[in-house]
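Hi,

Here is the model we talked about. Please open it first, then read my notes below.

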Amino acid sequence: MNILLVEDEQKIADFICEGLRAKDFIVTHCTDGNQGFEVASKNVHDVIILDIGLPGRNGLDILTALRQSGFDTPIILLTARNELGDRVQGLEMGADDYLAKPFYVEELTARLNALLRRHEGAAQHLVEVGSLQLDCISRNLNCHGQSVELTSREFKLLEHLMRSPNKILTRGQLLEHVWGFDFDPCTNVVDVCIKRIRRKIASLESAGKMAGAIESVRGTGYRLNPR
């Protein structure tokens with residue numbers, strides 16, 4: 001498991017890093033809130049361990065900014081025992097759990113494993129490529145908090161592309177998978193559907209460079225490129 005620890009107290013940070021690494025966790029440590037937010041925003045972690053009282057941006061500010069930008073990575077808050085108000089506020093703002101200092105590394109490890117199990121169970125219905133997230137229950141396409149609804153055909157076509165990133169899928173393969181009949185070289189239903197999907201991705205301002213992620217492969221079909 002890849003963990004980001006944002007903790008300014010060196011003794012506590014050393015205790016956590018040594019304990020987690022001894023249990024084969026990969027730990028990245030940041031010592032202040034500004035650095036922690038930057039690392040959290042630009043890298044993928046399984047869980048973030050976030051102290052509330054940090055120099056620079058405090059833990060609650062980081063939590064708010066991450067959740068508002070669409071990050072759903074599980075976050076555990078570290079608090080002092082007398083910070084009940086901060087703990088309650090943190091949970092209401094999107095934290096997944098909290099741990100009051102002092103604590104045993106075994107308890108932290110158990111909470112990390114429980115969080116990851118819950119998160120993986122909740123994410124089974126999601127397909128993610130780059131900043132795009134396809135919800136297989138609502139059939140919505142999401143990107144950093146923005147979403148757009150897809151038709152049944154658009155959803156099935158985009159899901160097929162997203163489950164095979166970087167792979168060229170022929171028009172025949174797409175037609176058979178989505179429409180369920182053999183390829184007719186005279187039909188353009190695949191191309192029309194791709195155009196509609198591209199427009200919907202482009203309508204999400206937060207999608208940025210993913211707007212051009214569906215590549216046309218001349219004479220063959222299409223490929224979705226993670227960006």
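Contact here means heavy atoms within 4.5 Å. This is a predicted model, so to speak plainly: local features need pLDDT of at least 70, side-chain atom pairs count only at pLDDT 80 or more, and totals for chains, interfaces and linings use all residues. A nonpolar core is a set of buried Ala, Val, Leu, Ile, Met, Phe, Trp, Tyr and Cys residues joined through side-chain atoms within 4.5 Å. Buried means under 20% relative accessible area, exposed over 50%, and partly exposed in between (1.4 Å probe, protein chains only). The largest core has 30 residues. Leu132, Leu134, Leu158 and Met162 are among those with the most contacts inside it. Elements giving it two or more residues include β7 (132-135), α6 (152-162) and α8 (189-203). Helices (H or I, at least four residues) and strands (E, at least two) are DSSP runs, numbered from the N terminus. Another core, of 19 residues, lies apart from it and includes Cys17 and Leu99.

Leu134 is worth a click. Leaving aside neighbours within four places in sequence, its contacts include Leu126, Leu141, Phe155, Leu158 and Met162.

Next, α1 (residues 10-22). Its buried residues include Ile12, Ile16, Cys17 and Leu20. Asp24 follows α1 and has a positive phi, near 70°.

Last, Asn225. It lies in the segment after β12. Asn225 counts as buried because its relative accessibility is 15%. Its side chain makes a polar contact of 2.9 Å with that of Glu215. (A polar contact is a pair of N or O atoms within 3.5 Å; within protein, one must be able to donate a hydrogen and the other to accept it, and residues adjacent in sequence count only if both atoms are side-chain atoms.)

Best wishes

Conventions:
Residues are numbered from 1 along each chain as its sequence is written. Side-chain values use heavy atoms; hydrogens and water are left out.
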